[in-house]
Amino acid sequence: MTPSRTVPAWAAGQDRPAVRHARLGRIALIGFAVATAVDLGSLLAGWHLGHVIAKPLLMPLLVAYVVTRGAPRLLVAALLFGWGGDLALLFDADPAFLVGMGSFAVGHVCYLVLFGKRAANPLLGGAYALALVGTVAMLWADLPADLRIPVAGYSLLLTAMAYRSSALGPRAGIGGALFLLSDTLIATGVAEWPQLPRPDFWIMATYVAAQYLLATGAITRTTNGESTGQSTREAGVR
């Protein structure tokens, strides 16, 4: 007969924090999905109160999820500054718009530092540079005079973040591109260009997808990178 094996009590106790973290992560991710559905559904239905309630929950729930996955501090900071921008843009006023843009800009700086010096495709960088110059040139005359320089500076930072995000892989790269698309839709609205039906829906849909893909792309890359590096170091010791 094969002797039965049981997990020692001390070993089972060590697994409990990991199990709790995984459970909390699933709860946070489900909450993020529910808040996203409520927010986007509210925008489609024209229910402003639902948007006001759901939008401020999005980034904190995403932060809670990535924290349980061992997210680096810079990623948490980027998402929290994004949350600050979300809150500011709930107010329909020029000062709030500038505050929101500034908060998002700091978040992009956090992302850029997080991406580090990893190599990215220079051809993609050239495409992003052309898109930046072309978009700013077309929007310039239609933007309010006092917003032209801030929007141009922000667009440069955002485009750099979108380009550098590709260094983490396709998931994060798509997230960066969607972030650029989302904020470009906002800029066309400020310039009073013709908009798609329910423009706020498309802005939020691309934004939420962008932050999710950037966050999960970053934690996947950093977790895999740290694990690979640690395994290599351990192999060298042995």
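Which helices each supply at least two residues of the nonpolar patch? That would be α1 and α2, with α2 giving the most, four residues. Bear in mind that this is a predicted model, where local features need pLDDT of at least 70, side-chain atom pairs count only at pLDDT 80 or more, and totals for chains, interfaces and linings use all residues. Residues are numbered from 1 along each chain as its sequence is written, and side-chain values use heavy atoms, with hydrogens and water left out.

**Surface patches**

- The nonpolar patch is made up of Ile30, Val34, Val38, Trp47, Leu49, Val52, Ile53 and Leu57, and together they have about 730 Å² of accessible area (Shrake-Rupley, 1.4 Å probe, with only the protein chains shown as cover for residues).
- Patch members have over 30% relative accessible area and no salt bridge, with nonpolar side chains (Val, Leu, Ile, Met, Phe, Trp, Tyr) joined within 5 Å and like charges within 9 Å; a salt bridge puts a side-chain nitrogen of Lys or Arg within 4 Å of a carboxyl oxygen of Asp or Glu.
- Valine 38 sits in helix α1 and is partly exposed, at 38% relative accessible area (buried is under 20%, exposed over 50%, partly exposed in between, with a 1.4 Å probe and protein chains only).
- Arginine 16 belongs to helix α1, residues 9-45 (helices are DSSP runs of H or I, at least four residues, and strands are E runs of at least two, numbered from the N terminus), and it is exposed at 53%.

**The largest nonpolar core**

- This core has 51 residues, and Leu62, Val66, Leu75, Leu79, Tyr111 and Phe179 touch the most other members (a core is a set of buried Ala, Val, Leu, Ile, Met, Phe, Trp, Tyr and Cys residues joined through side-chain atoms within 4.5 Å).
- Elements giving two or more residues to this core include α1, α2 (48-68) and α8 (199-237), and α8 gives the most, with nine.

**Loop between α7 and α8**

- Glutamate 192 is in this loop; its phi is positive, about 60°, although it is not a glycine, and it is exposed at 71%.
- Arginine 198 lies in the loop as well, with a positive phi near 55°, and is partly exposed at 44%.

**A pair separated in sequence**

- Threonine 184, in helix α7, is partly exposed at 25%.
- Threonine 184 and threonine 135 are 49 residues apart in sequence and 8.3 Å apart in space, C-alpha to C-alpha.
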